[in-house]
Amino acid sequence: MNQDRLKELLYYCPKTGQFKHLRGRQRVDAGTISSRGYVQLWLDGKRYSAHRVVFLYLYGEWPIGPIDHINNTRHDNREVNLRVVTGSQNQQNKRIGKNNSSGHKGISWDKSRAKWCAAIYVESKCKHLGRYKEIADAVAAYRAAAAQYHTHNPLAQT
């Protein structure tokens, strides 16, 4: 798939993130939402992830790295909500896991010490930030570390 062929088949609206099939004068919604919440497009008999197709449509090239949905809404393919990131940056923008009992990213309860434990992942390595009596202190430690280590430098192709 290249940009010219893509533009023969689809119209993309950067403000809404929607793709439309071009069939004569009619524009018909394109894409279906997968079981994982991403919009999938079938083009010339092949399945594509819409968030990756956006970059081909706009810039004429496939993105080199992972695409991050900034607001964590997997079907929101507006141009302002997408950025090319490294694998590590993509992991940093993950939602809080379903089994997280603290309600805060990077915070867990250390039962043996009866304290809140704060930790952060930096380039796939866990960095221990300390144990705290108060959850607010653990959250503050995580936020400070995130501000230091998780600077998002979008690698968007323009």
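This is a predicted model: local features need pLDDT of at least 70, side-chain atom pairs count only at pLDDT 80 or more; totals for chains, interfaces and linings use all residues.
Local features were taken at pLDDT of at least 70 and side-chain atom pairs at pLDDT 80 or more, while totals for chains, interfaces and linings use all residues. Residues are numbered from 1 along each chain as its sequence is written, and side-chain values use heavy atoms, without hydrogens or water.

Helices (H or I, at least four residues) and strands (E, at least two) are DSSP runs, numbered from the N terminus. Two strands pair if DSSP finds at least two bridges between them. Strand β1 covers residues 10-13 and strand β2 residues 18-23. The two run antiparallel and are joined by four bridges. Y12 has F19 of β2 as its bridge partner. L10 stands opposite H21 in β2. Together the strands form a hairpin, with four residues between them. In the turn, G17 has a positive phi of about 80°.

Residues count as buried under 20% relative accessible area, as exposed over 50%, and as partly exposed in between (1.4 Å probe, protein chains only). A nonpolar core is a set of buried Ala, Val, Leu, Ile, Met, Phe, Trp, Tyr and Cys residues joined through side-chain atoms within 4.5 Å. The largest such core has 19 residues. L6, L10, F19, L41, L43 and V53 touch the most other members. Two or more residues each come from α1 (3-9), β1, β5 (39-43), α2 (50-59) and β8 (82-84). The largest share, six residues, comes from α2. Contact means heavy atoms within 4.5 Å. Leaving aside residues up to four places away in sequence, V53 touches L6, F19, L41, Y48 and W62. A second, separate core holds 11 residues, among them A118, I120, A141 and Y142. In soluble globular proteins, nonpolar side chains tend to be buried together.

A145 lies in helix α4, residues 135-149. A145 counts as buried because its relative accessibility is 5%. Residues up to four places away in sequence aside, A145 touches I120, L129 and H150. A145 and A119 are 26 residues apart along the chain. Their C-alpha atoms are separated by 8.9 Å.

A disulfide is counted when a pair of cysteine sulfur atoms lies within 2.5 Å. By this rule, the count is zero. C117 is in no disulfide; the nearest cysteine sulfur is that of C126, 7.7 Å away. C126 is likewise in no disulfide, and the nearest cysteine sulfur to it is that of C117. C117 is buried, with a relative accessible area of 13%.
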